[in-house]
Amino acid sequence: MNTNAQMVPPAEQNHAAPVPALPNEIGSARILVVDDQPANIQIVGAVLGNLGCEIIPASDGATALKRVALRMPDLILLDLLMPGMSGCEVCLQLKENPDWRDIPVIFLSAADDKDLIVRALDSGGVDYITKPFNQAELISRVRTQLALKTARDQLRQLAEDKDELLGILAHDLKNHLGGMNMSAELLRNRIEHFHDERLTRLSENILRSGAQLLSFLKEFLANASADNVFTPKLSAVNLVGIAATVVQQYQETAQRKQLEIQTDFPDGAVIVPADALALEQALDNLLSNAVKFSPPGKIIFVEIRQTGGNRVECLVRDEGPGFTAEDKTRMFRRYGRLSARPTGGEPSTGLGLSIVRKLVQAMNGELSCESNPGQGATFTICLPRPASKK
């Protein structure tokens, strides 16, 4: 038993400063009090229980973990020096469990050694109160941590609601916009036979606006997904195969703009550890930008090369307007509008490069850009090679 862990005697507590009332939502909080001395639990329970808190007692670390597993508390008051499992060990186990790691832990201990306090906070504690404690101070610190937890829970719920809404938008809006675009394209093809410039212009406007909305929606949702801590599913994928597929998808669009796409790929497969869908989306964005911003009659180059080290590079080079020094400072920011404009009236959201960088970095790669105004731009995705088997 920890004989040094003494609370403020009742006689001293009676002369404490007036205790501020807790808000209703905090007053009904469930608090786990862990201490090897029953008297200490009783004192803390009396102080917080009178304010409406539900007190769950535990006399040791193992019991505390069982209590948490049965019914999760809103906050834990944890003694540091206990026989068997110490408070630091209990806190570390709590933080290792993803379901428990957000429970705030306040250490209560008679130990005032600075090294012990640092260890307690490093193990995951949010605060440290030294025994004997002042009643008003204990309540104030408990109130602060519970208020912070309530705010975090509300923010988490808002984030979940946002993700659910984005999912609905992704399904419904994309379907409707895709249908509108298809109808507008069919309408434009029919109108061309009437040789009515006004009708042709109106149909082009509908098609362009629909394409802009659909492009923005796709890139916005992709960026929101990447913000949600995108975790790639890495596997051995053929970079040449993915790059060839993306190039093929843009051949017709390039021909309409009188552009030529040239490739320089190694013979055979080039295997890299990557997420196939994320890698395809990254290359799709880069090639889409090259087509958008290249004037008619220019060439777009797509190259894959294996460096002497443990890296593989995929380059997308265009002969477009290039980037200014100011462009380079914001090209990877979300909604970072740059000086160049699409040459065929295509939509541009300012999200593409932000998404590409997030995807590439998530796959342990790097994205770089070399460009000068009027001299085109070269974007390079650098990925690691698979670890060699010994």
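Predicted model: local features only at pLDDT ≥ 70, side-chain atom pairs only at ≥ 80, totals over all residues.
Reader: What share of the contacts in the chain joins residues 24 or more positions apart?
Author: The share is 72%, taken over contacts with a separation of 6 or more.

Reader: What makes β2-β1-β3-β4-β5 a sheet, and which way do its strands pair?
Author: Strands pair if there are at least two bridges between them. Five bridges join β1 to β2, and four join β1 (residues 30-34) to β3 (residues 75-79). Both counts reach the cut-off of at least two, so β1 is paired with β2 and with β3. The sheet has five strands and is open, with parallel pairing.

Reader: Why are β2 and β5 called edge strands?
Author: β2 (54-58) and β5 (127-130) each have a single partner strand, so one side of each has no neighbour in the sheet. On average, neighbouring strands of this sheet are turned by 20° against each other, direction ignored.

Reader: Which residues stand opposite one another in these pairings?
Author: On the β3 side, Val34 stands opposite Leu78, and the bridge partner of Val33 is Leu77. On the β2 side, Arg30 has Glu54 as its bridge partner.

Reader: Why is β1 described as largely enclosed?
Author: A residue is buried when its relative accessible area is under 20%. Five of the five residues of β1 are buried, so the rest of the structure largely encloses the strand. Arg30, Leu32 and Val34 point one way, while Ile31 and Val33 point the other.

Reader: Which residues are in contact with Val33, leaving aside its neighbours within four places in sequence?
Author: Val33 is in contact with Ile41, Val44, Ile55, Ile56, Pro57, Ala58 and Leu77.

Reader: What hand is given to the β-α-β unit made by β1, α3 and β2?
Author: The unit is right-handed. With the strands pointing away from the viewer, the path from the first strand over the helix to the second has to run clockwise for that name.

Reader: How do α9 and α10 cross, and what is the hand of the crossing?
Author: The axes of α9 and α10 (residues 276-293) come within 10 Å and cross at roughly 35°. The crossing is right-handed. Among the residues that make the contact are Leu239, Ile242 and Val246 of α9 and Leu279, Leu283 and Leu287 of α10.

Reader: What makes the backbone at Gln258 and Asn364 worth a remark?
Author: Most residues other than glycine have a negative phi. Gln258 is not a glycine, yet its phi is positive, about 60°. Asn364, also not a glycine, has a positive phi of about 65°. Gln258 is in the loop between α9 (239-256) and β7 (260-264). With 59% relative accessibility against a cut-off of over 50%, Gln258 counts as exposed. Asn364 is in the loop between α12 (352-362) and β11 (366-371). Within α12 the buried residues include Leu353, Ile355, Val356 and Leu359.

Reader: How do you know that the bond from Lys131 to Pro132 is cis, and where does Pro132 lie?
Author: Its omega is near -5°, and the bond is cis. In general, most peptide bonds are trans. Pro132 lies in the loop between β5 and α7 (135-191).

Note on methods: Residues numbered from 1 in each chain as written. Heavy atoms only, no water. Contact = heavy atoms within 4.5 Å. Axes fitted to C-alpha atoms, helices over the stretch in contact; angles between N-to-C directions. Buried < 20%, exposed > 50% of the residue type's maximum accessible area, 1.4 Å probe, protein only. Left-handed = near helix turned anticlockwise from the far one by under 90°.
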